[in-house]
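Please look through the sequence and the model shown here before reading on.

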Amino acid sequence: MKNYKIKYLSMLISSVLCTSTVAQTSPEQEITVIKKQNDSTAKKLLVNAKKKSEDKNESIDVADDKTEVIQVYGVRGSLIKSIAIKRQSVNIVDAISSEDIGKLPDVNIADALSRISGITVNRDPNTGQAQSINVRGLSGEYNVTTLNGRKLATTNSGRDFHYDVLSSGIISSVEVAKSPLAHMASGGIGASIDIKTVRPLANDKTEVIFKFDDFYQELSGNHNPKFSIYSNYNHESEFGIAAGLIYSKTGNRVDTVRSDGIGRDGSHSVQDEDGEFYTVQADNFLGMNFQNGTTDQERLSANLSLQWVPVNELDVTLDVLYSTFDQRYKGSSIALSANQPVYPNHGTYTQFGINDLLTPRWDPATGEARLDDNDQVVYLGIADQITIDDLYLIDLANTAKNRNTETQSFGLNASYDFDTVTLAIDLAHSSAVDKNQGDNYYIVTRSGIQGAKFDFRTDNLMPDVILSENLNAAAGWGAHYNRFNGIGSEDKVDSIKLDGVWLLDSDYVVDVKFGAGVTRQTKFTDTYTPQVGGTTTFRNGTILGAPITDQTQLLNRGSFSFLEIPESVMNNGNIDKFLSNEPGNFPRQWASFDVNDLLDFYREVSPEAVALMEPIRDEAQTYTIEELVGHLYLETNLQFDIFGQQLNLNLGGRYVEIDIDAEGKSQRADRIARDFLGNPIDEHFADETRLIKEAHQHFFLPSMTVNLRLFDDYVIKVAAAKTVSRPTLSGMKPYETINASSIRDPGFNSITRSNPALQPYSALNVDVSFEWYFSELGALTLGLFYKDIDGFVQDEVTFEEIDGWEFQVTSPVNNDQHSKIKGLEVLLQQSLDDYLPEIMHGFGYSANYTYTDTGNGDTNAMGWEVGFVGMSKSSYNFQIFYDVENFSTRIAFQHRDEYLQQAAGHVLTRDIYVPESDYITWSMSYDFSDSIGITAAVNNVTNESNKQVSRELWGDNLTNLSFSGRNYNFGLKAKF
């Protein structure tokens with residue numbers, strides 16, 4: 001076995017310099033050289049460390065051009081690098097190295113991050129792929145993501161960053177800082193995630209790598225290609241170029257079933273034994289929606305890094321990133337309603353009911369319905385079947401959701417070494433645009449059959465659904481509903497900052513870091529909605545509201561009439577093995593239609609109606625928010641010798657000022673004009689007019705980290721800091737929605753108003769980490785964390801007098817509620833070489849566990865505290881690997897407890913939860929030589945589905961199930 005125990009500081013310094021900061025060191029600290037660096041600041045730190053050690057009559061090895069370079073590859077190498085970053089970091093950090101991301105075929109960065117303790121992923125429901133992350137239960141709105149220390153623009157309408165716009169292949173490493181330092185960008189209560197691209201001079205070789213991957217999705221049967229080329233050029237450690245180009249085109253399929261949930265306290269007509277109808281109350285099952293969807297994705301990612309070190313004192317780096325991501329989702333679905341109360345005399349069928357102590361709806365002993373004094377049913381009992389023996393209406397829909405994004409990032413960093421002071425100036429620009437201009441649609445056609453039955457007597461997740469007829473093209477379909485909409489966005493981030501490090505010749509003060517900068521972020525959101533009447537241009541046998549008189553154009557179903565769609569527009573559908581992993585009797589095939597053919601037919605009938613279907617910009621939902629953020633920070637690293645052990649103390653503070661300008665169009669209450677009776681004269685107040693709102697905020701963020709190193713192998717870290725996360729943009733956009741009446745009651749005169757002056761959420765964070773590094777790969781760590789968060793946003797109702805009339809005003813404000821999050825993280829990883837015979841050397845494992853708890857958080861419509869959206873009580877990862885010479889393989893298991901997906905927004909709805917889930921992946925790589933190698937992987941080995949349930953009083957009710965199946969990857973690479 002190779003002796004990997006060498007020294008890690010050079011690698012750490014080079015990675016931190018990517019963000020214009022310099023890591024501290026000390027004479028006693030072990031120094032590991034992973035790759036030879038030509039870094040003037042790193043050399044100076046080592047020389048300074050050597051001088052201090054000589055003053056103390058101690059010895060230390062200083063890396064020079066003759067230092068042996070040992071490179072470690074494969075799973076083992078990635079874990080060694082990641083654990084080195086964690087060990088040498090001043091604060092509490094976890095990391096994924098380039099071997100973990102670049103070499104193994106993770107679809108995107110979020111997939112790779114999911115193996116870090118405390119991180120769970122959220123998957124795109126349309127693709128099944130990882131899209132965003134939660135850190136210690138806090139979603140992306142509470143985290144900040146940077147690229148080489150610079151803030152990235154994002155196409156997301158909020159602050160959450162969607163990682164699927166970036167390919168994992170362009171990344172060198174990702175560091176997740178769970179406790180902040182003063183020099184780090186503010187904005188993350190949960191964590192700060194820094195994505196790092198490669199540094200050209202970090203690799204002393206000039207090489208070119210070609211890679212081809214074939215991703216095969218079992219469900220769709222599609223082979224999806226991915227082409228990659230990477231190159232690195234190093235000219236005498238003075239000038240370097242690193243570049244990457246990645247292109248992929250994928251086609252995925254997702255099968256989905258959704259439940260419409262439970263209708264609360266509905267009035268229903270039931271039939272007694274004499275055939276008479278009367279009304280009862282019941283909570284009833286509303287129906288189901290089956291959907292087959294396909295997603296076509298095309299991604300092009302390119303990155304370029306130029307590094308120039310003309311003299312040892314000067315280091316200039318230019319980073320360029322460009323990425324396009326075009327995602328087009330199309331779904332075909334049928335909606336099967338179990339309750340159609342808007343249509344009278346729709347048959348006799350039983351309903352669900354809720355049994356509670358206040359209003360018992362059935363006898364819990366017999367299960368029979370509750371009767372009144374006249375022996376009539378008052379509340380229906382729980383039924384195991386719903387039967388509809390009358391006309392049954394079915395909706396057939398086509399859905400499209402599109403993302404057409406372009407992300408760019410440019411960064412120029414120049415650092416100069418003035419002997420004991422190093423200064424670095426950083427200029428950056430990032431932009432992201434989503435070009436959606438109303439490209440989404442939801443188009444519904446309707447038909448009717450002679451009956452349906454829902455049978456809940458099975459042990460399956462879904463009831464059996466039995467229809468009286470096949471839903472093919474010949475079933476007869478009519479026009480019903482058309483909705484075209486979409487949200488586009490443009491985000492621009494420009495920044496300039498100056499960072500400095502002053503190395504002191506002191507026994508106690510290692511360095512002082514200082515810096516200042518300003519960042520301007522401008523986010524424009526462009527919303528497109530249907531025109532008035534545009535969704536119902538063809539509805540219930542009418543065109544633009546006028547009845548169709550030509551009976552040959554009509555499809556009649558019972559008492560309903562529709563504009564008949566020609567059978568030539570329809571097709572029988574071609575869905576192979578729909579939800580094949582779910583047992584039961586339910587529709588697995590249905591008709592479909594081509595949207596373009598349907599629109600062509602509509603144009604033949606009425607061009608004016610189709611023109612009205614075109615979406616228009618919704619001025620009230622189109623807005624621009626500009627945030628100008630200035631910062632100053634001061635940070636120092638102190639070092640003490642405590643009984644022969646090294647104690648490091650990091651103290652710092654960051655001051656932040658924010659100017660906010662929010663511009664949009666809104667209704668205006670000051671434009672209400674009334675006649676002598678108090679009636680509004682016109683609707684002029686409802687005309688959207690330009691509205692600008694401004695706000696100014698400032699805050700100070702102190703931080704302290706104590707780092708005690710014991711006997712080389714033990715580290716104790718204690719960190720305390722104040723952090724902030726700014727509120728969502730939806731609550732800050734400028735708007736007023738007004739209801740005006742002639743009745744002098746604020747209940748009839750109301751305003752719903754935004755609040756651009758919302759203050760950030762703030763948190764007091766305390767972290768404690770106990771770390772034992774018993775080998776170059778082996779580590780046992782225990783982390784405890786506590787967060788006290790306040791400043792949550794809630795709607796506040798006030799009263800305001802306008803022109804003598806009192807209005808009820810609803811607006812979001814920061815409340816004084818505190819939410820406390822506490823938990824622990826455990827990491828254990830090691831090689832098994834010391835426990836296995838030599839012939840079995842190469843095996844090892846890594847395992848982590850996270851427990852998170854909160855007594856409060858989000859509140860639902862009933863006033864119950866339901867915790868934070870996305871927070872699981874427990875999550876854990878386990879992976880076992882085998883890594884020898886030119887062969888690596890591993891299998892990884894991930895578990896996540898249930899978590900809240902959505903808090904109930906109305907007293908008649910219920911909270912939505914995602915049940916506990918498991919996810920297994922397998923991967924391998926084999927190098928035939930230094931130039932040729934292969935990779936392979938299987939994602940979702942056990943073929944799991946994703947589920948959502950509503951939390952009912954009697955138990956959980958399935959509301960969503962999606963299945964995307966297994967994914968296979970095979971790759972070839974060639975290195976020159």
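## Buried charges and salt bridges

A residue is called buried when its relative accessible area is under 20%, exposed when it is over 50%, and partly exposed in between, using a 1.4 Å probe and counting protein chains only. This is a predicted model, in which local features need pLDDT of at least 70 and side-chain atom pairs count only at pLDDT 80 or more, while totals for chains, interfaces and linings use all residues. Residues are numbered from 1 along each chain as its sequence is written, and side-chain values use heavy atoms, with hydrogens and water left out.

Side chains of opposite charge can pair when their charged atoms come close. A salt bridge here is a side-chain nitrogen of Lys or Arg within 4 Å of a carboxyl oxygen of Asp or Glu, and a search of the whole structure finds 28 salt bridges. One of them joins Asp94 to Lys86, with the closest N and O atoms 3.1 Å apart, and both Asp94 and Lys86 are buried. These two residues also belong to a network of salt bridges that links Lys86, Asp94, Arg136, Lys178, Asp767 and Glu825.

## Two further pairs

Arg150 forms a salt bridge with Asp319, and the closest N and O atoms of this pair are 3.3 Å apart. Because Arg150 lies in strand β5 (residues 150-151) and Asp319 in strand β14 (residues 314-337), the pair ties together parts that are 169 residues apart in sequence. The strands and helices named in this report are DSSP runs, numbered from the N terminus, with at least two residues (E) for a strand and at least four (H or I) for a helix. Arg150 counts as buried at 6% relative accessibility, and Asp319 is buried with a relative accessible area of 6%.

Asp255 forms a salt bridge with Arg253, the closest N and O atoms being 2.9 Å apart. Asp255 is buried, with a relative accessible area of 0%, and Arg253 is buried too, with a value of 7%.

Which residues of helix α6 are buried? In this helix, which covers residues 595-605, they are Val595, Leu598, Leu599, Phe601 and Tyr602. Seen down the axis of α6, these buried residues fall within an arc of 155 degrees, so they line one face of the helix; the arc is that of the directions from the helix axis to the C-beta atoms. An α-helix has 3.6 residues a turn, so residues three or four places apart point the same way.

On the other side of α6, Asn596 and Glu604 are exposed. At the start of the helix, a side-chain oxygen of Asp594 reaches to within 3.0 Å of the backbone nitrogen of Asn596.

## Strands that pair

Two strands are said to pair if DSSP finds at least two bridges between them. Strand β24 (residues 509-529) runs antiparallel to β23, to which 18 bridges join it, and a hairpin connects β23 to β24 through 5 residues. Within this pairing, Val501 stands opposite Lys513 in β24. β24 also pairs in the antiparallel sense with strand β33 (residues 623-642) over 16 bridges, where Thr525 stands opposite Tyr623. A further antiparallel pairing, of 2 bridges, joins β24 to strand β32 (residues 616-617), and there the bridge partner of Tyr528 is Arg617.

Elsewhere, 3 strands form an open sheet in the order β25-β26-β27, with antiparallel pairing. The edge strands, each of which pairs on one side only, are β25 (538-539) and β27 (546-547). Strand β26 (residues 542-543) is joined to β27 by 2 bridges, and Thr542 stands opposite Pro547 in β27.

## A nonpolar patch on the surface

Leu318, Leu412, Ile425, Leu427, Ile496, Leu498 and Val518 form a nonpolar patch on the surface, with about 500 Å² of accessible area together. The elements that give two or more residues to this patch are β19 (421-434) and β23 (478-503). Patches are made of residues with over 30% relative accessible area and no salt bridge, where nonpolar side chains (Val, Leu, Ile, Met, Phe, Trp, Tyr) are joined within 5 Å and like charges within 9 Å; accessible areas come from the Shrake-Rupley method with a 1.4 Å probe, and for residues only the protein chains shown count as cover. Ile425, which lies in strand β19, counts as partly exposed at 40% relative accessibility.

Note on methods:
A polar contact is a pair of N or O atoms within 3.5 Å; within protein, one must be able to donate a hydrogen and the other to accept it, and residues adjacent in sequence count only if both atoms are side-chain atoms.
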